[in-house]
Amino acid sequence: MIERYTLPVMGRVWSDEHKYELWCRVETLVLEAHAAAGRVPADVVEPVRNAPPPSPERVAEIEETTQHDVIAFLTAWADDTEPRSAAAYVHHGMTSSDLLDTALAVQLTDATDVLLAKADRLVAVLRDHGLAHRDTIKVGRTHGVHAEPDVWGHRVADLAFAAARSRDRLRAARERVGVVAISGAVGTYSLIDPSVEVFVADALGLRPAEASTQVVLRDSISEWVSALAIIATVCEAIALEVRHGQRTEVRELSEAFGSGQKGSSAMPHKKNPIRSERIAGLARVVRAAIVPVMEGIPLWHERDISHSSTERVFLPDAAITTDYLLDLTAGLVENLVVDTARMRANLESTGGLIYTSSVLLELVESGSSREDAYALVQSAAMETWKSGTPFRETLRERASSSGLTLDEARLDEICRPEQYVANLGPLFDRLAALS
């Protein structure tokens, strides 16, 4: 991922420097296990442990000749080992994927821990914002058209629970990608004892793979990427709500606009939802990782490396982008400007059409058939759409022509937006308990 969207902590997780540090750690743990079992001389462990990781530049230089990244790394690290002869026992009984997949598991779990902390923050921000607006009346919309009264906190609560579910999916995916596979050339432990795998897994806080060939099957990594894509798309859902709310014709929501900020190079009046649009664009990047990574599940026999180049691109990019999205989305909600007066004005802008559902039920409960009541209310509503005459007036005219007498006091009660949201208390209790 380009530097523009890379935050420092997550960028470090996926840096070449950190990758080689992890490779050194894994190889050292394997060596320690061998030495403890008496399979290699005990005095080689300390020189290897003390050898600094090779620089990415040195590994790349050697790889130009070897055309093999692990061999290049081992050679460069051996050059840093004193005495160099101790390095002869590094990678003992292993194959490249033992190192690559185990170190990748550490990167994936480390990256997940960063993401989970930010997902917790997003859930908390949405929860608190929703609770703060549990009484902020607005119009609900279906198909983009005014429907019935709602409160802004209800819409936010829906997004908060979605963010929490997404976080929990990622937590479950972390458990499945956190596996160690150190089992040799085709996974048969032919040249390495299974106890080594157990030792390394314990030391890394992970678990041994239930089974592996030369690689770990990529279903769990695909699940992890899918979990990131869902989180990214929930972020986009939040951003889309803001984008719609910031339209000039709506003006109920807006992103914070800082002093000195500019909205357009040509039009000085512009205040655009640039953060929300950035979220929408980057969510596409994360979703785009699903299919390429999933296609790494079917490999030839015990392994091929068709998954390798794909994962070098998409795993870091998906993690780095999701990290950025979570940070950006939490900040968007924390600083969101909510125009409660505009919400109320928009709710009243259709002249009472949003109360047709309650009027319909009131007529039915007063003795009209549903068919007759629906026809009457719809006829009055269509006249309001056409003429702009308030709905209560068109309803009164239609009712009079049909020989019906309306209970005006009762209509005053049912045409009150607060009565539409009176039953949301338990929902906000659940939201308050969300963590």
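The questions below concern domains, helix packing and backbone geometry.

Colleague: How far apart do the C-alpha centres of domain 1 and domain 3 lie?

Modeller: Please bear in mind that this is a predicted model. The domain assignment gives domain 1 as 1-92, domain 2 as 94-256 + 268-349 and domain 3 as 351-421. Between the C-alpha centres of domain 1 and domain 3, the separation is 76 Å.

Colleague: What percentage of helix does the chain have over residues 351-432?

Modeller: The unreviewed UniProt entry annotates residues 351-432 as "domain: Adenylosuccinate lyase C-terminal". The end C-alpha atoms of that stretch are 34 Å apart.

Colleague: Are α6 and α9 roughly parallel or roughly antiparallel to each other?

Modeller: Two packed helices are described by the angle between their axes and the distance between the axes. Helix α6 covers residues 96-132 and helix α9 residues 219-245; their axes come within 12 Å and cross at roughly 25 degrees. Angles under 35 degrees count as roughly parallel. The two helices, α6 and α9, are therefore roughly parallel.

Colleague: How many charged residues are in the contact of α6 with α9?

Modeller: On the α6 side, the contact is made by Leu104, Leu108, Ala111, Thr112, Leu115, Leu122 and Leu126. On the α9 side, it is made by Ile221, Trp224, Leu228, Cys235 and Ile238. These residues divide into 11 nonpolar and 1 polar, and the number of charged residues is none.

Colleague: Which way do α7 and α9 run, roughly parallel or roughly antiparallel?

Modeller: Helix α7, residues 152-177, packs on α9 with the axes 9 Å apart and an angle of about 165 degrees. Angles over 145 degrees count as roughly antiparallel. The angle therefore makes α7, relative to α9, roughly antiparallel.

Colleague: How many nonpolar residues does the contact of α7 with α9 have?

Modeller: Residues of α7 in this contact include Trp152, Leu159 and Leu170. Those of α9 include Trp224, Ile231 and Val234. By class, the contact of α7 with α9 has 5 charged, 2 polar and 16 nonpolar residues.

Colleague: What is the handedness of the crossing of α9 and α10?

Modeller: Helix α10 covers residues 274-287, and its axis lies 8 Å from that of α9 at an angle of about 160 degrees. The pair α9 and α10 is therefore roughly antiparallel. Where α9 passes α10, the crossing is left-handed.

Colleague: How many charged residues does the contact of α9 with α10 have?

Modeller: Among the residues of α9 that meet α10 are Glu236 and Arg243, while those of α10 include Glu277 and Arg287. The contact of α9 with α10 has 10 nonpolar residues and 2 polar ones, and its charged residues number 4.

Colleague: Is the peptide bond from glutamate 82 to proline 83 cis or trans?

Modeller: Most peptide bonds are trans. Proline 83 lies in the loop between α5 (69-79) and α6. The bond from glutamate 82 to proline 83 has omega near 0 degrees and is cis.

Colleague: What is the phi of glutamine 67?

Modeller: Most residues other than glycine have a negative phi. Glutamine 67 is found in the loop between α4 (56-66) and α5. Although glutamine 67 is not a glycine, its phi is positive, at about 55 degrees.

Definitions and conventions: Residues numbered from 1 in each chain as written. Predicted model: local features only at pLDDT ≥ 70, side-chain atom pairs only at ≥ 80, totals over all residues. Heavy atoms only, no water. UniProt positions renumbered as here; feature names shortened; annotations may be inferred. Helix = DSSP H or I, 4+ residues; strand = E, 2+ residues; numbered from the N terminus. Domains from an automatic or database assignment. Axes fitted to C-alpha atoms, helices over the stretch in contact; angles between N-to-C directions. Parallel < 35°, antiparallel > 145°, perpendicular 65-115°, else oblique. Contact = heavy atoms within 4.5 Å. Nonpolar A, V, L, I, M, F, W, Y, C, P; charged D, E, K, R; others polar. Left-handed = near helix turned anticlockwise from the far one by under 90°.
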